[in-house]
Amino acid sequence: MERIRTPFGFSSTVDEVLQGIDLTGKRAIVTGGSSGIGIETARALASVGAEVTLAVRRLDAGERVAANIRASTGNPNVRVGQLDLSNIASVKAFLTDWQSSLHILVNNAGIMALPELERTAEGWEMQFATNFLGHFALTVGLHKALAAAEGARIVSVSSSGNLIAPVIFDDLHFNFLPYEPFVAYGQSKTACALLAVEASRRWAAERICANALNPGAIATNLQKHTGGLRTPPELRKTPQQGAATSVLLATSPLLDGVGGRYFEDCNEAAVVFRRPTDFSGGVAPYAIDPSNAERLWNVALKLVS
């Protein structure tokens, strides 16, 4: 299958990929919309007319960001909803409050490399629960709203962390394996990529397309447990550049009907069969494997139901 190429690249910004796009009348949800590239993603969608809901854990932070976006874009339709992805009850409450069709779902929120093993009330490893299971429950719960949009897009923010670890089906929550922060992170980000593969397969007939992406190396509070970015300075992005691939997948007519793919730098990534040591990126074959995606979906359904 030929890789998808666009006119955009590493240095492209959200403003560049949105040239000529009008989202008036479209509704979008951005998880983690009060920090990092979530802010820029939400701001970009609002700037071209979308009704945007910031789904955030801390309402006070979300309200401050929403007020800033409304002021800077002139779009009054920027709202905030409470969502703690590590708490399934919180996800269900958010879903209960959502009554409209949904055109764009950006599963952006995430945590990275928690230094100690933390678990949810269910006993789930915290990175897997937050980065994947919460987003999975949200996505499945919004299925009817996405189908009602008649052309919805799901954007699943993965990471180059997919190259660190596959989904460890026999020990998802480190009940036996010694906990390793980046292995847990890598597993969760591989799961995010697989979510897009299976959502596209299951829901393509309803005109729902899902794609995953690596946003690149952007200095945000995501790295609070890692001591900052380790990527060479020339390979780092601004938040406006880091959000560009998410916004491209959410809006571009170049990707109409495209689903189940993995992108970076605004283009489909190459499949690599060995972890690169030069920060060159790519996606591991296990992170886009349809059989892995279907297996994970079924496992996740049992966990969150």
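The model is predicted, so local features need pLDDT of at least 70 and side-chain atom pairs pLDDT 80 or more, while totals for chains, interfaces and linings use all residues. Residues are numbered from 1 along each chain as its sequence is written, and side-chain values use heavy atoms, leaving out hydrogens and water.

Start with the whole chain. It holds 10 helices and 10 strands. These are DSSP runs, numbered from the N terminus: H or I of at least four residues for helices, E of at least two for strands. The C-alpha trace spans about 50 × 40 × 40 Å along its principal axes.

Now look at what is covered. Of the 305 residues, 55% are buried. Buried means under 20% relative accessible area, exposed means over 50%, and partly exposed lies in between (1.4 Å probe, protein chains only). Contacts tell of the fold too. A contact means heavy atoms within 4.5 Å. Among contacts between residues at least 6 apart in sequence, 76% join residues at least 24 apart.

Next, take Thr 190. This residue sits in helix 7, residues 181-203. Thr 190 counts as buried because its relative accessibility is 1%. Leaving aside residues up to four places away in sequence, Thr 190 touches Asn 162, Ala 165, Pro 166, Val 167, Tyr 286 and Ala 287. With Ala 165 there is a further detail: its backbone oxygen lies 2.7 Å from a polar atom of the Thr 190 side chain.

Gln 99 is our second stop. It lies in the loop between helix 4 (88-97) and strand 4 (104-107). Gln 99 is exposed, because its relative accessible area is 68%. A polar atom of the Gln 99 side chain lies 2.6 Å from the backbone oxygen of Thr 96. Gln 99 and Ala 145 are 46 residues apart along the chain, and their C-alpha atoms are separated by 7.8 Å.

Finish at Ala 204. Its loop runs between helix 7 and strand 6 (209-214). Ala 204 is partly exposed, because its relative accessible area is 47%. Ala 204 and Gly 257 are 53 residues apart in sequence, and 8.3 Å apart in space, C-alpha to C-alpha.

Technical notes:
Polar contact = N/O pair within 3.5 Å; in protein donor to acceptor, adjacent residues only side chain to side chain.
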